Amino acid sequence: MTESQGAFVHCSAGRLVEDEEDAIAALRAVKNWHLNKPRPFRDFGYSFAFDNTATIWEGRGWGVAGAHTRGYNTHFHGFMWLGGASLDHKPSQGALDALGFLAEEHARRYGPDLLRCHNDVARKSCPGPELTAFVRDWNALKLT
Ligand SMILES: [Zn+2]
């Protein structure tokens, strides 16, 4: 993938990560799910993951087609927050900062493209209300 039109924001709909051990377990759970779906992915499907400790985890990384948003995987990156199984899960300020860092880095590499939410193109609640609001605010700032 030499061009990227933007990045989709997702949540794992899994455990809320509070430390590195949680994160590793949560990332393994996502990878196992992706490898064992009825139509399995070749590997962990997201470009990057980020968590409430403000840590960014590299998945497929920059420039590699993902498996995260049906119809958009060859021209969009995918950033996944580790959490969201419950509406009680809230992204921390550190998680929002990590997402902002990823969005800025995407813009630096590929141009000032906007973030999108999984729920923009699929009938899903992913990535949840707080991250959806963050994406709306981020895009509004970039358009002004
Ligand atoms: Zn999603």
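**View 1. The buried residues of helix α1.** A23, A26, L27 and V30 are the buried residues of α1 (buried: 20 or more other C-beta atoms within 10 Å of a residue's own; exposed: 12 or fewer; partly exposed: in between; C-beta atoms are placed from the backbone). They lie on the same side of α1 because they cover an arc of only 100° around the axis, the arc being that of the directions from the helix axis to the C-beta atoms. On the other side, E21, I24, R28 and N32 are exposed. β2 (48–50) and β3 (56–58) are among what covers the buried residues of α1. Helices (H or I, at least four residues) and strands (E, at least two) are DSSP runs, numbered from the N terminus.

This is a predicted model: local features need pLDDT of at least 70, side-chain atom pairs count only at pLDDT 80 or more, and totals for chains, interfaces and linings use all residues. Residues are numbered from 1 along each chain as its sequence is written.

**View 2. Strand β4 and its partners.** Five of the five residues of β4 are buried. H77, F79 and W81 point one way from β4, and G78 and M80 the other way. β1 (residues 7–11) pairs with β4 in the parallel sense over five bridges (strands pair if DSSP finds at least two bridges between them). G78 in β4 is the bridge partner of F8. β2 and β4 also run parallel, joined by three bridges, and F48 stands opposite F79.

**View 3. F76 in its loop.** F76 sits in the loop between β3 and β4 (77–81). F76 is buried, with 24 other C-beta atoms within 10 Å. S47 is 29 residues from F76 in sequence and 9.4 Å away in space, C-alpha to C-alpha.

Note on methods
Two residues are in contact if their C-beta atoms, placed from the backbone, lie within 7 Å.
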